[in-house]
Amino acid sequence: VGLYASILLFSASYYAIISPLHTYLSSQLDSILGSDTHKLKAILAYINRIQLIVILVIITSITAFGYQLLLQIGQVYADLHEQLILCMLLFGLAIIFSPAIRILLHSTHQQYASHLRVLQLSATTILLVLLVPLYGVTGAILADTLPLICVHTWASIICYKRLSLNPLII
């Protein structure tokens, strides 16, 4: 648990940087969702471009300097460099798809977002039980991120089908 927690500290950097973008999106959704599609698409494209840049910079930095950063914590952590890269890649992928769940929460399709979150929690719990004993830290990373990626992907599909809106616009 301690080793995985140290890796999660790095993934928190995504949320620290990207959270204001999602807060801005949420603040705009109530007033423009369903009424000003052009403005919503422009906001989404802007947010998605910034997210992509942030994710690429962080993944590149972690790939280049992650070992040295982990070594500062201790040798046992430095040995987790590959898992750190995997974690950052998968959390980055989850973030790319994440605006869709916010859109659903502010739309008339909130029930989909709620059901998806329950599904995410259930899948994460099951995967933690199955994967951690077999794969350790890597299993925890997969158990945490794969359900998140799936839920955000399904939310994107629901947005596209139910709201005629592509939340992945760039």
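Ser 164 counts as exposed, because its relative accessibility is 56%; here exposed means over 50% relative accessible area, buried means under 20%, and partly exposed is in between (1.4 Å probe, protein chains only). Ser 164 sits in the segment after α7, and its phi is near 55°, a positive value in a residue other than glycine.

A quick word on ground rules. This is a predicted model, where local features need pLDDT of at least 70 and side-chain atom pairs count only at pLDDT 80 or more, while totals for chains, interfaces and linings use all residues. Residues are numbered from 1 along each chain as its sequence is written, and side-chain values use heavy atoms, with hydrogens and water left out. Helices (H or I, at least four residues) are DSSP runs, numbered from the N terminus.

Now step back into helix α7, which holds Ser 156 and Cys 150.

| Residue | Relative accessibility | Class |
|---|---|---|
| Cys 150 | 35% | partly exposed |
| Ser 156 | 6% | buried |
| Ser 164 | 56% | exposed |

What does Ser 156 touch, not counting residues up to four places away in sequence? Its partners are Phe 97, Ala 100, Pro 167 and Leu 168, where contact means heavy atoms within 4.5 Å. As for Cys 150, its C-alpha lies 11 Å from that of Ile 101, although the two are 49 residues apart along the chain.

Ile 101 brings us to α5. Together with Leu 104 and Leu 105 in α5, Ile 101 meets Gln 110, Tyr 112, Ala 113, Leu 116 and Arg 117 in α6. By class, that contact has 6 nonpolar, 1 polar and 1 charged residues (Ala, Val, Leu, Ile, Met, Phe, Trp, Tyr, Cys and Pro count as nonpolar, Asp, Glu, Lys and Arg as charged, and the others, Gly among them, as polar).

How do α5 (residues 99–106) and α6 (residues 110–135) pack? Their angle is about 130° and their axes are 6 Å apart; axes are lines fitted to C-alpha atoms, for helices over the stretch in contact, and angles run from 0 to 180 degrees between N-to-C directions. The two helices are therefore oblique to each other, since angles under 35 degrees count as roughly parallel, over 145 as roughly antiparallel, 65 to 115 as roughly perpendicular and the rest as oblique.

Within α6, the buried residues are Ala 113, Leu 116, Gln 120, Thr 124 and Leu 131. Their cover includes α5 and α7 (137–163). Just after α6, Gly 136 takes a positive phi of about 60°.
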